[in-house]
Amino acid sequence: MTAKTADAAHDLEARRLQTLLERLRADSASGGFGYEQLRRRLILFFRQREPIDAETLADEALDRLARRLDEGVQINHPAPYAFGIAKLMLFEANARRLRQEARFDEPENQPAMIEDDDAIDPALVRALRICLRSMDRRGSELMLAYYRDDDARRIKTRRNLAEKLGVTVNTLRNRVLRLRAALETCVRARMTPGATEKHDGFAQNDTSDDD
Amino acid sequence: MMDSRKTTLQTMTDFTDQELRDWLLRRLEPTRAAELEERLFADPDIPDAIDAARYDLIDDYVRGRLPSNERHLVAQHLAATPDDVMRLQIARVLAESAASTHARFARPREHVARRRFIAVSAALAGCIVIAVAVIGHRDRSPMQTTEALASLPVITLREDQQRGEHAMLILPYRAGDVRVQAEIDEPISQRYELKIGDARTVVLTARDLSPRAAGAYRFVETVVPAKALVGGERQIDVLPQDSSDARVIHWNVRMSDPPVH
């Protein structure tokens with residue numbers, strides 16, 4: 001591929017992405033889903049079948065959606081359309097797998113179950129401590145209280161917490177989800193080699209839905 | 001009685017928490033799973049409901065609250081990627097933190113009469129106030145406990161060590177706080193209490209302990225001041241809080257005297 005062709009391909013990709021973003025922004029304003037919201041849904045969907053490649057597949061689905069829009073296909077509701085693309089992609093992946101199995105007469109390797117080691121990495125404990133410390137104190141206390149109880153008491157505890165805060169149980173749930181996701185983001189960032197020195201604080205999770 | 005799980009979130013998503021958990025564990029009935037997936041791309045609330053169900057499932061897993069078939073499914077489906085494993089490990093550290101923070105050290109009080117080592121009169125027992133529990137009764141912030149927990153000495157009490165009428169565990173001398181991990185047996189209850197006492201009184205009670213797991217080993221853990229274990233023979237009892245006729249697991253222990261300098 002020459003440099004000129006590569007530039008043209010890049011321009012085309014950028015234009016498609018721009019079209020997709022604009023379309024989803026407009027859709028989001030009228031009650032649909034924005035780009036990140038749609039991507040999150042695609043990841044959740046693919047995660048059930050292809051956990052290792054869920055993010056890549058979600059990006060591929062969005063890429064296909066962008067191409068359809070760029071080709072001028074009339075798409076009234078992008079989210080269900082993306083869902084259709086995602087189902088088709090799974091169908092294609094299954095067909096590929098079947099062909100491969102037939103060719104080699106053996107099943108393709110399934111993703112191995114990763115051993116969940118009971119031992120806790122001291123570095124993880126340190127990272128969590130730093131991240132909890134950098135969290136708003138009320139936030140960390142709220143999170144620990146929310147996740148404290150087991151199944152039998154969970155609902156009652158959460159209702160009481162929501163009542164105390166004067167919010168609905170769903171609002172409380174969403175608030176705590178954001179806190180936990182942000183805590184995980186912070187811990188992951190600190191556990192990334194070389195990132196420790198740079199990342200002192202508590203990252204805000206800006207990729208979640210606002211719903 | 002109505003299953004409380006079935007009521008939550010139903011008004012928002014029309015899917016119960018149990019169905020969301022089943023979907024995550026790949027065991028939701030296919031038609032219902034297809035409906036859920038379709039709703040995923042239409043209902044603004046579904047992703048949060050799924051994420052919330054996933055965290056609850058993971059928390060139940062790391063705290064040893066799931067039956068073995070569900071444990072296997074969680075290990076199979078919610079620990080499939082390095083990202084998932086990291087999430088599980090974070091959940092485990094959070095659980096440690098929450099459990100330690102939540103363990104309340106009660107003031108000393110009398111044992112119930114049915115315990116065999118409380119044969120002396122309640123009046124006498126009531127007169128003996130032990131300061132150990134008060135020493136152990138102090139607030140611990142999540143940060144303090146998480147930080148300190150890993151460095152504390154661990155006393156592990158296995159069930160097979162308690163057999164025999166005169167079984168006595170000799171523990172090496174410790175100062176400061178120690179983590180006591182006591183094995184529990186099936187069926188696993190939701191909450192346990194751990195009591196440390198001598199022949200007459202209970203000197204320390206830790207309540208609301210959640211069962212935890214390390215491989216096939218099921219146990220409860222709490223942090224206690226080592227002082228609660230020194231000064232002669234001690235009895236450690238672990239019993240479910242939610243069942244009055246459950247078996248009490250009992251250990252006789254003696255901590256060695258402090259070294260002479």
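Reply: The answers below take the labels in turn.

This is a predicted model, in which local features need pLDDT of at least 70 and side-chain atom pairs count only at pLDDT 80 or more, while totals for chains, interfaces and linings use all residues. Residues are numbered from 1 along each chain as its sequence is written, and chains are lettered from A and ligands numbered from 1 in the order in which they are written.

Me: What makes a stretch a helix or a strand, and how many are there in chain A?

Reply: Helices (H or I, at least four residues) and strands (E, at least two) are DSSP runs, numbered from the N terminus. By that rule chain A has eight helices and zero strands, so its pattern along the sequence reads α-α-α-α-α-α-α-α. Chain B comes to ten helices and ten strands.

Me: Why is L88(B) called buried?

Reply: A residue is buried if 20 or more other C-beta atoms lie within 10 Å of its own, exposed if 12 or fewer, and partly exposed in between, with C-beta atoms placed from the backbone. L88(B) has 21 C-beta neighbours inside 10 Å, so it counts as buried. The residue sits in helix α7 (residues 82-102) of chain B. Its C-alpha atom is 8.7 Å from that of Y61(B), 27 residues apart along the chain.

Me: Which labels do R26(B), D208(B) and A206(B) get?

Reply: R26(B) has 12 C-beta neighbours inside 10 Å and therefore counts as exposed. D208(B) has 18 other C-beta atoms within 10 Å, so it is partly exposed. A206(B) has 26 and is therefore buried.

R26(B) lies in the loop between α3 (17-24) and α4 (30-40) of chain B, and its phi is near 60°, a positive value in a residue other than glycine. D208(B) is in strand β6 (residues 202-209) of chain B; it too is not a glycine, yet has a positive phi of about 60°. A206(B) is also in strand β6 of chain B.

Me: How much of each chain is buried?

Reply: In chain A, 27% of the 211 residues count as buried. In chain B, buried residues make up 41% of 261.

Me: How do you know that the buried residues of α6(A) are on the same side?

Reply: In helix α6 (residues 137-146) of chain A, the residues S140(A), M143(A) and Y146(A) are buried. They cover an arc of only 130° around the axis, so they lie on the same side of α6(A). The arc is that of the directions from the helix axis to the C-beta atoms. R137(A) and R138(A), on the other side, are exposed.

Me: What makes a set of residues a nonpolar core?

Reply: A nonpolar core is a set of buried Ala, Val, Leu, Ile, Met, Phe, Trp, Tyr and Cys residues joined through C-beta atoms within 7 Å. The largest one has 66 residues, of which L42(A), A61(A), A82(A), A86(A) and C131(A) touch the most other members. Helix α5 (residues 46-62) of chain B gives the most to this core, with ten residues. A second, separate core of 27 residues includes L157(B), L209(B), L229(B) and I236(B).

Me: Why are β5(B) and β9(B) called paired?

Reply: Two strands pair if DSSP finds at least two bridges between them. Six bridges join strand β5 (residues 192-197) of chain B to β9(B), so the two pair, and they run antiparallel. In β9(B), the bridge partner of G197(B) is Q235(B). Six bridges also join β9(B) to strand β10 (residues 249-255) of chain B, again antiparallel, and E233(B) stands opposite R254(B) in β10(B).

Me: Where in chain A is confidence lowest and highest among the helices named, and which stretches stay under 50?

Reply: pLDDT is the predictor's confidence in each residue, from 0 to 100. In chain A, confidence is lowest in helix α1 (residues 3-29), at a mean of 83, and highest in helix α2 (residues 35-47), at 94. pLDDT stays under 50 over residues 111-116 of chain A, and likewise over residues 196-211 of chain A. Where pLDDT is low, the predicted coordinates should not be read in detail.

Conventions. Two residues are in contact if their C-beta atoms, placed from the backbone, lie within 7 Å.
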